[in-house]
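Please look over the sequence and the structure shown here before reading on. The briefing that follows goes through a few topics in turn.

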Amino acid sequence: MADPESPKGLAAPLALTPAELLAEVGSLGRRLSEGAKLFADVSDADVEIATTPKDLVWSQDKVSLYRYRPLAESKGLPPVLIVYGLIGRYTMADLQEDRSLVRNLLNLGLDLYVVDWGNPGRADRYVSIDDYVDGYLADCVAFIEEAAEREKVNLLGICEGGVFTTCYAALYPETVNAMVLTITPIDFHADSRDARAGHGFINVWTRSLTPEDIDRLIDAQGSLPGAFMGSVFSMMTPMRTMTKYNLDLLDALDDKKKFLNFLRMEKWIADRPDHPGEAAKQWLKDLYQDNKLVQSAFVLGGRTVNLKAITCPVLNVFAQDDHIIPPATSQALKDKIGTTDYTEMGLPGGHVGVFVGGKAQKLLGSGIADWLGERG
Amino acid sequence: MDQFDAFRAMGEFWTRAGMGFFTPGAGQSAPGFGAPSLPTPDVAGLAAAQAKLTEAWNAATALSEALTKSLQGGPGAPDPTAGAVLAKIFDPQAWLGGSAEFDSALTRMAEGPQLADLWQTERRYAALFTAWATLRRAQSEHQAVMLDAWTQAAGTFAQEANARAENGERFASARAMMSRWIETANAVLLEVQRSETFLTSQRAVLRASTDLRLAQQDIAAFLAEFYGQPTRAELDDVHKSLTELRREVRALRRERRQAGKVSKAGGSQVGENAHG
């Protein structure tokens, strides 16, 4: 423990007179007052997210499949199904009009579908990743094939959703034209090979638990509560978590657009569904702890997910500064699949920045559309 | 009374209240339960954890006060407003708040309904109390780890600020100084969070909160059964059956879809042949 007396002899390190300091505090007060006014003026409509028009075309249990309305002339490519995971929601891909992967892809003439897993509750305790991949996702693909009169679709997996599409492409390779993965973990232990400060904490944290800890947690809760995972995410950026609603928010108050962006992001963060119990056990034990996916040892629906069975072209997009899914955990896919048509795209920014960062999200949309266009 | 006085007072209250239950004849047994054999909760462990936390808190508070006092310009230039702002920035309580987000998520998860007639179930209540005391002890131990981390970060920052002052370098604004503190503290926290000490104490909190939740559910199940209500386990059975039935329905639908495809393909072939 440090000596509490250590700063005793500290000279004043601040180049401010007391009057200047007081002025700074006064300025802070003014900004807070302006911020209060901004808050009062904001309506729900101002911070609405996922506003790109779409229609419900299929549903089963709590799962819904939507088709986006076109925004440009079709390129005639196979439809693209966007698959997000259970940690967070697909709305990240359509956060707001000027920061929307969905809109960027629609503007480039793609036919887009998205699956929403809904809000799993206590009654979904026994729903597993088998159900999501072998059940709901397979049914979504079947619906799209029939609706589009195509034998194959394109898959676009995001984060845990990328794991789902990877498993699906290995189990049903005959139905996948091409697969785009974004910020998707494949080798859940690769964080230890590229141990950057603050990166891969979820990997470290999950490995610090025993399988019995996870079983008991799920026994007690019936699910992996979204709020609980949110608190684990918060630990990954500890000081940011402490300063978010004071310093960061204060910075955003100068600019209404920035302020509304901040609120929209907070709205997305707050919408964190619970992970069904059995699916959570597979996610944390089979994948994070035992790393079965990269070893082609993960079993779904009685069948082993063999990565070599993935024969469609693969575009693997990762964020160069992703502290949640470190790049090495995504890039591990390269030599594991059964195709040589494999492309990597490393984009600037972090996990979410790929979708909402000014530069990255533009590169992402055009990069995906061009790559798919070449494999139509 | 600071928060640790409150902790101690609460601990004493629970000890006194808990001892009451261990007195022969205390409370009333539920029908058919006979004389309960009650476990002894680890109150001594809780007290030791609280003592360690108090020690860490005192050290951190002393350092925080010294830092704040020094950074506002020394005794010659006191400024109560700036002092108050700085005190807030260097408040070690914020670090407990940071870790408390995780703790409070666990607490919310562990909190069940208030059951007014818990007194009928001494054995379960004792187990619940033990689980509660274990959780509080684990939380105290984890908070002591966080306070040690704060003290380490504050010490590092103070050394750097001293070195700057000696070299005649100064922070241009309070915000610049704050940014440096955040940077320093973040680096320390990230390192601490990966340490075995942190991960072990946090795992203990997770385990303890899970055990508390399970102890609460045990009481709820006992009462539900006693009053003829469905238990969580019975509902889980129903949900398991429902999930399995849904799987079967999905599989049947898929078979029907495949059969339809085959028959459609066969039918069109017949048609083509007929027209050929």
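**A strand and its partners**

In β7(A), A:Gly157 is the bridge partner of A:Val83, where helices (H or I, at least four residues) and strands (E, at least two) are DSSP runs numbered from the N terminus, and two strands pair if DSSP finds at least two bridges between them. This is a predicted model, in which local features need pLDDT of at least 70 and side-chain atom pairs count only at pLDDT 80 or more, while totals for chains, interfaces and linings use all residues. Residues are numbered from 1 along each chain as its sequence is written, and chains are lettered from A and ligands numbered from 1 in the order in which they are written.

- Strand β3 (residues 80-83) of chain A runs parallel to β7(A) and is joined to it by four bridges.
- On pairing with strand β8 (residues 176-182) of chain A, β7(A) again takes the parallel sense, over six bridges, and A:Val153 stands opposite A:Val176 in β8(A).
- Six of the six residues of β7 (residues 153-158) of chain A are buried, so the strand is largely enclosed by the rest of the structure; a residue is buried if 20 or more other C-beta atoms lie within 10 Å of its own, exposed if 12 or fewer, and partly exposed in between, with C-beta atoms placed from the backbone.
- A:Val153, A:Leu155 and A:Gly157 point one way from β7(A), whereas A:Asn154, A:Leu156 and A:Ile158 point the other way.

- Helix α3 (residues 129-148) of chain A has 20 residues and reaches 26 Å from its first C-alpha to its last, close to the 28 Å expected at 1.5 Å a residue, a span taken as 1.5 Å times one less than the number of residues.
- α3(A) bends by about 30° at A:Leu137, the bend being the angle between axes fitted to the seven residues ending there and the seven starting there.
- Just after α3(A), A:Glu149 has a positive phi of about 55°.
- In helix α6 (residues 211-221) of chain A, the residues A:Ile214, A:Leu217, A:Ile218 and A:Gln221 are buried.
- Seen down the axis of α6(A), these buried residues fall within an arc of 95°, so they line one face of the helix; the arc is that of the directions from the helix axis to the C-beta atoms.

**Contacts of one cysteine**

- Not counting residues up to four places away in sequence, A:Cys167 touches A:Val133, A:Phe298, A:Leu300 and A:Val305, contact meaning that the C-beta atoms, placed from the backbone, lie within 7 Å.

Conventions
Two residues are in contact if their C-beta atoms, placed from the backbone, lie within 7 Å.
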